[in-house]
Amino acid sequence: MKTLLTVAAFAAGVSALSTGAQAQDCTTKIGATLPTSVDWGRPIAEVAQFAVDQVNEAGGAGGCQIEMVLRDTQVDPKVGVDAAKALVDLEGVNVLLGAVSSGVSMPILSSVTVPGGVMQMSCCSSSTAFTKLSEEGKTDGLWFRTFATTAVQSAMGAKVAADKGYGSVAILYKNDDWGQDMARLIAADFAAAGIKVTSSVAVNDGQPSYRAEVTKALGGEPEALYLALYPNEGTSAVREWLSLGGTQNMILANSLKSDEFRDNVGLQYLGNALGTDTASPRVASADAFKAAYVEKFGSEPNGPGLANSFDAAMIALLAMEAVGKDASGKDIAAAVAKVTDPDGTPVTADVAGFKKASETLAGGGTVKYQGATGDVRFDANGDVSAPAVVWKFTDSGVDEVEYLSLGEVDAFIASLKK
Amino acid sequence: MIGVISYLVFFTTVASILGIAVLGLNLQWGNTGLFNGGVVASFGAGAYGTLMLGGPAQDGHLGGFGLFYPLALLGGMVAAGVLAWIVGKLTLRLRHDYLAIATFGVAVAFENVMRNATSITGGAQGIRGFERPLRDVLGDGFTYNAVFLAGVLVVLLLVYVFLERLTVSPFGRLLRAIREDETAARSLGKSPDRIRLISFVTGSVIIGLAGGLYGTFYAFVSPQDVLPILTFQIWAMLIVGGAGNTRGALAGAFLIWGAWTFSGWALSRFAPVEAQLYTGSIQFVLIGMVIVGMLLWRPQGLFPERLIVSQPGRNREKTQVEGFT
């Protein structure tokens, strides 16, 4: 009891201090629920904060400086939902960034943000369940994600296999909502492109060895291997795959676009590995993001979800700028269309771009946001499509092999559907 | 201020739901000495059962029977009970750590089945689209949460009273007798196997009830809700609160869940900006330290078990013995 009282007294004291410190200018809080206790989650939060910093440098959004209150989800739905609820109720946020896992984003959406009228923008949740929920009209237009739906990614995988002339492919996928979606879509896309899927094997995280899974995938003697895995289990699985004599013809999902994966597997084994990703457009803003990222963090933005997280934060803040101070979550969500308008004034994803956007919006115009992941454009369900890129690993990071514009991506997806 | 109340209502709801689960585990471990390492399997069976029975029709997986809500919740409890009966029949001959390992395995298997049996449970995407009961009448906002909390508190109270009565009844004494010395209990003509099974199933049904309420509250359940971390959390609550003491079990639920969420809030609020990114990890360290500290300095929990003299037909007498285990 004594310790409890001490803690309470301490908290009260600190809270008095902090309210005293923030009396100067007006500050609007936005919330972020991201898995910062997980290795790959921390950079996603860092880059969101980076976007907020740039907006503050440009004078803030809606006339106020922005403070991003970051909470850890621990990839636990209970903890994530509680954090989101605390952000909405205690911090009074109208905009929530996150979460990463669909299994966390979904209960936050259904029990916190939709009932609370808060706009939720996720960088990385890819489950097709969100599209269905939105089609049923249960998201109230409050849900957005900057992660191109799994469909783009899987179609590109099929395109790579078809271009390379692989006749048969084995699939290893992460056994979560993203991986299961991926495996289902890519199998359908391979079939549509006339490529045989010899086997599709689920890989659970955190196992010491993936020999059984790899052996099963090797069984059908595939000409190539498709990997929808994260760097950790991806490294172990590929090592075992190669040591058991598997082919070096590999197709990688964007989650493996990481220096860690390249270094741990070894570049000499990845000569025939081609990756797919949603791409940066050929505009200055993407280069500006890359350059700014390198300057800030000292490495290329190669982790999963970084560009998406940056865009999620930027678009949310642009929308806040568009509606002005003290807007409700619903107003902000409605303003997203204004800042991602294909016919609007193009703006880049940096300080200058944000300033330009402010001016345009203040003059009653609309803005076309050209972000780190491309010309972001949401459909009615809050989903994005995107240009795509095929990449391979090099000594210094990744190199682009082929670039497909949004039109080409859509045409290829349409050709698969026939 | 409204925000604070709204959050407290939310927090109390989740803590109470977890509290119900801790009460269920307390019956198994605190009173009967069954080391259930698979709490999450019962919890999940309750949640999945309730949502599948009570949810709207969905393509792609089983469920969507749209049952009247109390029936759906009851169905979830039955699912948890049936699972516990099967598991109990198979594993209750095991003792202590062996039982813990076996039930832990069952829980991991349960999660994997939920994750992979896409055509039955929706796979990793989980079950969504559940309509919370009375939502048409109460809307989605604060009123709903307040009424839901009232409902959860009523359930919690019922479970609490039931277990308090059970503990002081001759049956409660029998449970403790089995916990302390099974051979002695057998020599008195009791059947420990049967009683252990009854206790295990009853506890699991209560945990399943908590799971059903949890699924209802979030209107969603996925395999991420039934990871082993939940078993760990519920055990931590029981150990900190005091195994064998109903009140302690409840206090533990509120304290641990409070510490879990408060530490996250406090760190996000007061930690310096440079440290913000690491608060997730710091939080884990803090929670771990609380539990280790508890085990070192007060292993009997905040509210140790009370020695209860339970005799039928006479006024209940209670005396307190510190550290009685």
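Trainee: What share of the contacts in chain A with a separation of 6 or more comes from residues 24 or more positions apart?

Mentor: Such residues account for 73% of those contacts in chain A, a contact being two residues with C-beta atoms, placed from the backbone, within 7 Å. This is a predicted model, where local features need pLDDT of at least 70, side-chain atom pairs count only at pLDDT 80 or more, and totals for chains, interfaces and linings use all residues. Residues are numbered from 1 along each chain as its sequence is written, while chains are lettered from A and ligands numbered from 1 in the order in which they are written.

Trainee: What makes the radius of gyration of chain A agree or disagree with a compact globule?

Mentor: The rule, over C-alpha atoms, is 2.2 Å times the number of residues to the power 0.38. For 418 residues it gives a value near 22 Å, and chain A has 22 Å, so the two agree. The C-alpha trace of chain A spans about 65 × 60 × 45 Å along its principal axes.

Trainee: Which residues does the contact between chains A and B take, and how many?

Mentor: Chain A gives 42 residues and chain B gives 39. Helix 3 of chain A, with nine residues, gives the most to the side of chain A that touches chain B; helices here are DSSP runs of H or I, at least four residues, and strands are E runs of at least two, numbered from the N terminus.
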